[in-house]
Amino acid sequence: MAQERAKMPVVNVSLDRLKKMVPGVKIDRALEMLPFVGLDIEGTDGNIVRVEYNPNRPDFSSDYGIARALSGLLGKKTGAPKFKASGKSGISVRVDKKVKGVRPFVAALVARNGRLDDESIKQIIAMQEDLHNGPGRRRKKASIGIHNLDAIKGPIKYTLVSGGHSFVPLGEKGEMTVKQVLEETQMGREYGHLLGNKYPAIIDGKGTTLSLPPIINGEATKVDAKCRNLFVEVTATDRKAADDVLAVLAMTLADAGFEIRSVSIVDGKKRDTPDMKPVKMSVDAGYVNEILGLELSPAQIVGCLKKCRLDAKAAKDSVTCTIPRYRTDIFSPVDLAEEVAIGYGLYNIEPTFPSSPVAGQRSEMSARFDAARDTMAGLGMIEAFNFSLSSRQVQYELAGRAPEGEILAVDGSKSAEHDILRDALVPSLLQSLARNVHEEYPQRLFEIGKVFRKTDRIEESWHIAAAIAHGEADYTEIKSALQALASAFGMQVTTKASQDQLFIKGRCAAVMKGDRQVGTIGEITPLAIDSFKLRVPVAAFEVDLQALLL
C-alpha cells in the first residue's frame with residue numbers, strides 16, 4: 001500500500017559541529033536522543049545527518065536550535081537559554097504610509113561582532129528558507145532579508161517603488177528594473193503574484209536597495225564569510241508573524257556568537273525590535289498527570305520543563321512556566337503537558353492495560369471497508385493515505401472547484417498545506433499523482449477516507465475515490481472499476497449525465513443508487529490536470545461509501 005505523507009522540512013547537521021555544540025556527550029548518544037526531542041533522522045551522508053522536524057517548531061530550522069534542545073534533554077544546559085540584548089543599535093527603519101495596503105509590518109535587528117564560516121552561512125540560509133515556507137506561509141505572511149550591515153548607510157526606509165525602479169538583485173551581475181525582476185528571474189516568477197502592482201522596498205540612506213520583499217535581496221548587501229555585522233529585517237502582512245520570525249532569528253544568531261541589538265521601527269509610533277519578552281503560563285499538576293497518566297509532583301514537573309529549555313516555578317498544586325519568546329509553538333496548557341512528557345522521557349512512560357475487562361471488536365462497517373479495499377486492490381489499484389487536513393490550494397484552486405458551503409478552516413494552523421478539512425477525496429488523489437509524475441504509467445490509486453461538510457452542523461462521512469492516470473485513461477475504464485466495486489457487494493449502481501467543476505462537461509455523470517445520488521464519476525478537466533502538472537489524462541470517481549454499502 002502506498003502512503004502519501006506531507007513533506008517535512010529537513011536540516012543538514014554536521015556531526016563535527018554537533019560535537020562542539022553539545023560538548024561532553026558522545027555523538028551516538030546525541031543521535032539516539034533526537035527522536036525524543038521530536039526529530040527524525042531521514043538519512044546520513046558521511047559526516048552529515050539529515051534531520052527532519054515538524055514545521056510547528058521553527059526553532060529547529062537550524063542546527064543551533066537542535067543543539068539547544070539536545071543540551072536540555074541530555075541535562076547539559078537546563079532552563080530557558082539566557083538571552084541578553086546588547087542595547088540599541090542606533091539604527092531605525094522609517095515606514096512609509098504607502099506600504100499599509102501591501103505589506104504593512106516590518107521588524108528588524110542588528111547582530112554585531114560575530115564570525116561566520118561556510119557551514120554557519122549554509123545553516124542561516126537554510127533556516128531563512130524554512131521560516132519563509134513555515135511561519136511565513138511561503139513568504140505570503142512573512143519574508144526575511146539578511147544583509148551585511150557594513151554595506152548599509154542610514155537612515156533606512158521601508159517604502160513603495162515603481163516598476164521602473166532599478167537595482168542589482170542578489171546573484172545578478174547588472175541592474176534590473178522591478179518589472180524585469182518579476183518577469184525574468186526565478187524568484188520573481190515564483191513569488192511575484194504576492195505583490196500585485198505595488199512594490200515594497202527597503203532602501204538605505206545612499207539609495208541602495210537592500211531588498212524587494214518578499215521577492216529578493218539586493219546584491220549590494222550580500223552576506224559572506226567576511227561579514228562580522230548583520231542587519232536582519234522581516235516584512236509581513238501580520239505584525240505577530242514578523243515578531244515571531246524575528247525572535248527565532250535573534251535566538252539563533254545569539255547562539256552563533258553575535259551581539260543582538262535592537263532597531264527602532266518608526267511607524268507613526270516608535271517601537272523597538274526584536275521583541276524577546278517571555279510569556280508566562282500556569283498549569284495544574286493534576287491536569288498534566290491526567291493527560292500523561294503519571295503521578296508527578298509540581299517540583300518534578302518543573303524539572304521536566306527545564307530539560308525542555310523552559311523556566312518554571314512550582315506552587316502547591318500548579319506550575320508557572322516562563323516560555324522564551326522564540327518558542328512560538330506553545331499556546332496552551334496541553335502544549336506544556338507535551339513538554340513535560342518530552343522532559344520526563346517518552347521512553348520512560350510505560351504502557352498499561354485498560355481497567356475494563358471487555359475486549360473490543362471490529363465494527364461491521366470496518367469489515368466492509370476492508371472488503372472494499374480488497375476489491376480495489378484486486379483491480380490493480382494501490383491504496384493511498386492522505387491527511388483529512390488539506391489546503392485551499394489543493395481542494396479548490398488547483399482542482400478548479402468552488403467550495404459548496406462554508407470552508408472548515410483550522411484556527412491558527414502552523415502549515416498552509418494543512419489548514420482546512422477536506423470536502424472531497426479526488427483532489428487529494430490528484431496531489432498524490434502529482435507527487436509521483438516520475439513513476440511509470442499507468443498509475444491507479446484509490447483512497448477510503450473521511451470528508452467534512454458544514455450545514456447546520458459539521459457532518460463527517462466516509463467516501464471512497466479512485467483515479468486512473470495514463471495516456472488513454474477515460475470514462476469507460478473508470479466506470480468499469482466502479483461497477484466492479486458495486487458488484488462485489490451485490491449492488492447495482494447506475495450513472496446519469498451530470499456536471500461537476502472537477503470533470504469535463506459531457507464526460508461526467510452522477511452515480512446513482514436507486515433514485516439517490518451517491519457520487520460522481522468522469523474525466524478530470526484539462527485545467528486541473530495542468531494545474532497539478534500531470535502529464536497524462538486522468539479519470540476518477542468518488543462515492544459516499546456509507547451510502548453505497550448501507
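Predicted model: local features only at pLDDT ≥ 70, side-chain atom pairs only at ≥ 80, totals over all residues.
Strand 17 is joined to strand 18 (residues 318-323) by 4 bridges, and the two run antiparallel.

Another open sheet of 3 strands has the order 1-3-2, and its pairing is antiparallel. Strand 1 (10-14) and strand 2 (39-45) are the edge strands, and each pairs on one side only. The twist in this sheet averages 30° from one strand to the next. Helix 3, made up of residues 63-73, packs on the sheet and touches strand 1, strand 2 and strand 3. The direction of helix 3 makes about 75° with that of strand 1.

Between strand 2 and strand 3 (residues 48-53) there are 6 bridges, and these strands run antiparallel. Within this pairing, Ile41 has Val51 of strand 3 as its bridge partner.

## Strand 5 and its partners

Strand 5 pairs with strand 13 (residues 230-236) in the antiparallel sense, over 7 bridges. In that pairing, the bridge partner of Phe105 is Ala236 of strand 13.

Strand 5 is also joined to strand 14 (residues 259-267), here by 4 bridges, and the two strands run antiparallel. Opposite Leu109 stands Ser262 of strand 14.

## The second largest pocket

The volume of the second largest pocket is about 520 Å³. Its lining is made up of 27 residues, and those nearest the centre of the pocket are Ile125, Gln128, Ile146, Leu170 and Asn217. By class, the lining divides into 15 nonpolar, 8 polar and 4 charged residues.

Several elements each supply at least two residues of this lining: helix 4 (118-133), strand 6 (142-148), strand 11 (209-212), strand 12 (216-217) and strand 13. Helix 4 provides the largest share of the lining, 6 residues. Strand 13, one of the contributors to the pocket lining, is also a pairing partner of strand 5.

## Gln123 in helix 4

Which residues outside its sequence neighbourhood does Gln123 contact? Leaving aside neighbours within four places in sequence, Gln123 is in contact with Val11, Asn12, Arg17, Ser61, Ser62, Asp63 and Tyr64. Gln123 lies in helix 4, the helix that gives the largest share of the lining of the second largest pocket.

The relative accessible area of Gln123 is 3%. Because buried means under 20% relative accessible area, Gln123 counts as buried.

## Lys153 in a loop

Lys153 is found in the loop between strand 6 and strand 7 (156-161). Apart from neighbours within four places in sequence, Lys153 is in contact with Asp204, Gly205 and Lys206. From C-alpha to C-alpha, Lys153 and Ser86 are 21 Å apart in space, and they are 67 residues apart in sequence.

A hairpin through 3 residues joins strand 22 to strand 23. Strand 22 (residues 443-454) pairs with strand 23 (residues 458-469) in the antiparallel sense, over 12 bridges. In this pair, Ala465 of strand 23 stands opposite Glu447.

Strand 23 also pairs with strand 27 (residues 538-544), in the antiparallel sense and over 7 bridges. Ala540 of strand 27 stands opposite Ala467.

Note on methods:
Residues numbered from 1 in each chain as written. Heavy atoms only, no water. Pairing = 2+ DSSP bridges. Axes fitted to C-alpha atoms, helices over the stretch in contact; angles between N-to-C directions. Contact = heavy atoms within 4.5 Å. 1 Å grid on protein atoms, 1.4 Å probe; cavity = no way out; pocket = protein on both sides within 12 Å on 5 of 7 lines; lining within 4 Å. Points joined across faces, edges and corners; volume = space filled by probe spheres on them. Nonpolar A, V, L, I, M, F, W, Y, C, P; charged D, E, K, R; others polar. Buried < 20%, exposed > 50% of the residue type's maximum accessible area, 1.4 Å probe, protein only.
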